[in-house]
Amino acid sequence: VLCTGFSTRNEEVAMAQETRISKELGDRHEVFGSPLVKLAFELGRCAHTGQLRRNGEAYLSHVVETAEILAKLGLDEQTVAAGLLHDVLDDTMMTEQQLREYIPEEVVDMVVGVSRMSHMSQINRDAMGAESISSSGSTGQDNSDRFKNMLLSMADVRVVLIKLADRLHN
């Protein structure tokens, strides 16, 4: 996986932080030495290249912290890898198809589940806001469909744990 060069100061700052994070990963938890987790880190690093959080940290630091929470819980390498990739579909140009070219199906399915869960959560927040503004909000059927979709997203408990780790770090 190749990343393109950087052209802005923000990207330079992010790249320096990403290099430091990468060097520290193996020391933190054994699971970060797994080939799958290393690949997920590299894909996430490339996908999030140049992205900074509001506090000025590299965006990669967030996904690493999320994955570290999962590692501390003793979860498997597939779950930690999905934790590293949990935001690539929502916050980068990477597509599900591109992700499937590099990463095992089980991991991609978890990433898709987290993304679906995030979308359902946002739809619910939007609907709640709309209902407080207008009495003609969502129908009972719309709410039922949303709930069914959220339950489908949570069929794998690891998806829920990734989302909780994401929220905990945020």
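**H3 against H4**

I looked up how helix H3 (residues 59-72) meets helix H4 (residues 77-85) in this predicted model: their axes come within 7 Å and cross at roughly 160°. I take axes as lines fitted to C-alpha atoms, for helices over the stretch in contact, with angles from 0 to 180 degrees between N-to-C directions. Helices are DSSP runs (H or I, at least four residues), numbered from the N terminus. The angle makes H3 roughly antiparallel to H4 (over 145 degrees; under 35 is roughly parallel, 65 to 115 roughly perpendicular, the rest oblique).

I then listed the contact (heavy atoms within 4.5 Å). H3 brings Val-63, Val-64, Thr-66, Ala-67, Leu-70 and Ala-71, and H4 brings Thr-79, Val-80, Gly-83 and Leu-84. Sorted by class, I get seven nonpolar, three polar and no charged residues. Here Ala, Val, Leu, Ile, Met, Phe, Trp, Tyr, Cys and Pro count as nonpolar, Asp, Glu, Lys and Arg as charged, and the others, Gly among them, as polar.

**Ground rules I noted**

Residues are numbered from 1 along each chain as its sequence is written. The model is predicted, with local features needing pLDDT of at least 70 and side-chain atom pairs pLDDT 80 or more, while totals for chains, interfaces and linings use all residues, and side-chain values use heavy atoms, leaving out hydrogens and water.

**H3 against H9**

Next I checked H3 with H9, whose axes come within 9 Å and cross at roughly 125°. The two helices are therefore oblique to each other. On the H3 side I found His-62, Glu-65, Thr-66, Ile-69 and Leu-70, meeting Leu-161, Ile-162, Ala-165, Asp-166, Leu-168 and His-169 of H9. This contact divides into six nonpolar, three polar and two charged residues.

**A look at the lining**

Which helix gives the largest share of the lining of the largest pocket? I found H9, with three residues. By class, I count two nonpolar, three polar and nine charged residues in that lining. A pocket here is an open set of 1 Å grid points, over the protein atoms alone, where a 1.4 Å probe fits, with protein on both sides within 12 Å along at least five of seven lines; lining residues have an atom within 4 Å of a point.
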